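Here is a short tour for anyone who likes to check distances and torsions against the coordinates. Keep the viewer open as you read.

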Amino acid sequence: MQWSALTLVLAFSSATLALDNGLMRTPPMGWLAWERFRCDIDCNNDPQNCISESLFTDMADRLSEDGWRELGYVYINIDDCWSSKQRDSQGRLQADPKRFPHGIPNLARYIHDRGLKLGIYGDMGTFTCGGYPGTTLDKVQIDAQTFADWEIDMLKLDGCYSNSSYQEQGYPMMSKALNATGRPIGYSCSWPAYQGGLPPKVNYTQLGQICNLWRNYADIQDSWDSVLGIVDWFFDNQDVLQPVAGPGQWNDPDMLLIGDFGLSLDQSRTQMALWAIMAAPLFMSNDLRTISSDARAILQNKVVIGINQDHLGIQGRRLFKEKTGIEVYLRPLSKGASALVFFSRRTDMPYRYMTSLKTLGYTPGVYEVFDVFSEARLPELKDSTEFVVSVNPSGVVMWYIHPAAYWWKGAESSRFSEKLKGPKFHRYANEADAPLVL
Ligand code: GLA
């Protein structure tokens, strides 16, 4: 089947029964503390990096002042080790009073005042993975209400110190409890990661009905090996995972490491490209106060973000795994467009990979191609024309492709009018049909 026909089949077969809270119609984006800052609670000796309200206000300042928010990075998410070791006298969770002296509601206000959203972390079990109070079944309702009272916008519910039957009761129960508060709270479920991530133990139809996103697999660590392990698992299991993603319900391969210590620039582009192909949530876990301009440029690349956020929400697939170590990935996008990624697992030198759009399943025609990371428009390409891409070791070439077409009437006064001054004059039926890049 050609992939354009596949697009329709995939679009109609998935996402019909998403969790009905209306949230996260495109993959959520933001910042999450865990991978970079872990359970550092030593505020006396390490005040800059410990899990405390100033870490989150610092990141909120950066998200709102350094151009992140406008690109869609709006969630600031607390992970483990935020709470006191004891619940309060009424059985409610409470923040550690030393590290969060003004309390979570105050932090939520700070974050909302900057046009951002606040996420928090809990655990469906006796303790969180870090040993803080968990949410046992008898506490589901009170914790949901506490989070709503604090004006929390998203909950990541982990699954340490728990078992499969407990999780089977607890995860749906929390979904109902969150809905019952009347506050829209995005719901991230770690349930499948604790059950091996695959059917029959994991029921993705049910997950789509109760969660907005779910961790399927192991925790990401700050290394290229970890990224490769995650990429392999997700694409080796794409026949199971690809159809279950869609607006309001996303597979979550875990946080972005870009800006940390373990990835080269090529590897960072690879993570960004493949997370966009996967329609993955984009939660950075890095230090936005000190991030390099190279890492920032990757994370703030508008076209890769636009691909990730495509409103059809169709997860992409791996098309080929060549013996040479080159892999090709494709994600169908709205307006007849698509994203292609050529990824090299080689460890020698840039590899010149030759193919044609026809070989990759494109329908006959002429296509416009935009190279996402070099930010260059390439010459128009016929489906049958053979071309060569040069792919760096552990790097990618990513293309945004759309059929060549014409501008719409009145385009002169549109957001694209500047571009009309170029030599080519295109015409689309209306602006809504125009692709992401022109
Ligand atoms: C688990 C989760 C991680 C993180 C830690 C916190 O390992 O998968 O993402 O939340 O717990 O302790």
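The notes below go through the ligand site, the disulfides, a loop and a helix of this predicted model.

## The ligand and its shell

Let's start with the residues around the ligand: Trp34, Asp79, Asp80, Tyr121, Cys129, Gly130, Lys156, Asp158, Arg215 and Asp219. By side-chain class, this shell divides into 3 nonpolar, 1 polar and 6 charged residues.

For aspartate 79, a polar side-chain atom lies 2.6 Å from a ligand oxygen. With aspartate 158, the distance from a side-chain N or O atom to an oxygen of the ligand is 2.8 Å. In the case of aspartate 219, the corresponding value is 2.6 Å. As for cover, the ligand on its own has 310 Å² of accessible area, and the protein covers 90% of it.

## Disulfides: the overall pattern

How many disulfides does the structure hold? There are 4 disulfides in the structure. If you number the bonded cysteines of the protein chain in sequence order, they pair as 1-4, 2-3, 5-6, 7-8. Three of these links are described next.

Cysteine 39 and cysteine 81 are bonded with their sulfur atoms 1.9 Å apart. The torsion about this S-S bond is -115°, a left-handed link. The pair joins distant parts of the chain, 42 residues apart: cysteine 39 sits in the loop between H2 and H3, and cysteine 81 in the loop between strand S2 (75–77) and helix H5 (103–113). Cysteine 39 has a relative accessible area of 29%, so it is classed as partly exposed, whereas cysteine 81 is buried because its value of 1% falls under 20%.

The disulfide of cysteine 129 and cysteine 160 has its sulfur atoms 2.1 Å apart. Here the S-S torsion is 100°, and the link is right-handed. This pair also connects distant parts of the chain, 31 residues apart, with cysteine 129 in the loop between strand S3 (117–123) and helix H6 (140–149) and cysteine 160 in the loop between strand S4 (154–158) and helix H7 (164–181). Cysteine 129 is among the residues around the ligand. Its relative accessible area, with the protein as cover, is 34%, so cysteine 129 counts as partly exposed. Cysteine 160, at 16%, is buried.

A further disulfide joins cysteine 189 to cysteine 211, with 2.1 Å from S to S. The link is left-handed, at -95° about the S-S bond. Because cysteine 189 lies in strand S5 (residues 186–189) and cysteine 211 in the loop between helix H9 (204–210) and strand S6 (213–215), the bond ties together parts that are 22 residues apart in sequence. Are these two cysteines buried or exposed? Cysteine 189 is buried, with a relative accessible area of 0%, and cysteine 211 is likewise buried at 0%.

## The loop between H2 and H3

Asparagine 45 is in the loop between helix H2 (34–37) and helix H3 (53–65). Its relative accessibility is 66%, which means that asparagine 45 counts as exposed. The side chain of asparagine 45 makes a polar contact of 3.1 Å with the side chain of aspartate 42.

Cysteine 43 is found in the loop between H2 and H3 as well. This cysteine is partly exposed, with a relative accessible area of 21%. Which residues does cysteine 43 contact, leaving aside its neighbours within four places in sequence? They are Cys50, Ile51, Ser52 and Arg99. Between cysteine 43 and arginine 99, the C-alpha to C-alpha distance is 7.4 Å, although they are 56 residues apart in sequence.

## Helix H6

The buried residues of H6 are Val140, Asp143, Ala144, Thr146, Phe147 and Ala148. Among the elements that cover these buried residues are S3, S4 and H7.

Just after H6 comes a backbone detail for anyone checking torsions: glutamate 151 takes a positive phi of about 65°.

How values were computed
Residues are numbered from 1 along each chain as its sequence is written. This is a predicted model: local features need pLDDT of at least 70, side-chain atom pairs count only at pLDDT 80 or more; totals for chains, interfaces and linings use all residues. Side-chain values use heavy atoms; hydrogens and water are left out. A residue is near a molecule or strand if one of its heavy atoms lies within 4 Å of it. A polar contact is a pair of N or O atoms within 3.5 Å; within protein, one must be able to donate a hydrogen and the other to accept it, and residues adjacent in sequence count only if both atoms are side-chain atoms. Accessible areas come from the Shrake-Rupley method with a 1.4 Å probe; for residues, only the protein chains shown count as cover. Ala, Val, Leu, Ile, Met, Phe, Trp, Tyr, Cys and Pro count as nonpolar, Asp, Glu, Lys and Arg as charged, and the others, Gly among them, as polar. Helices (H or I, at least four residues) and strands (E, at least two) are DSSP runs, numbered from the N terminus. Buried means under 20% relative accessible area, exposed over 50%, partly exposed in between (1.4 Å probe, protein chains only). A disulfide is a pair of cysteine sulfur atoms within 2.5 Å. Contact means heavy atoms within 4.5 Å.
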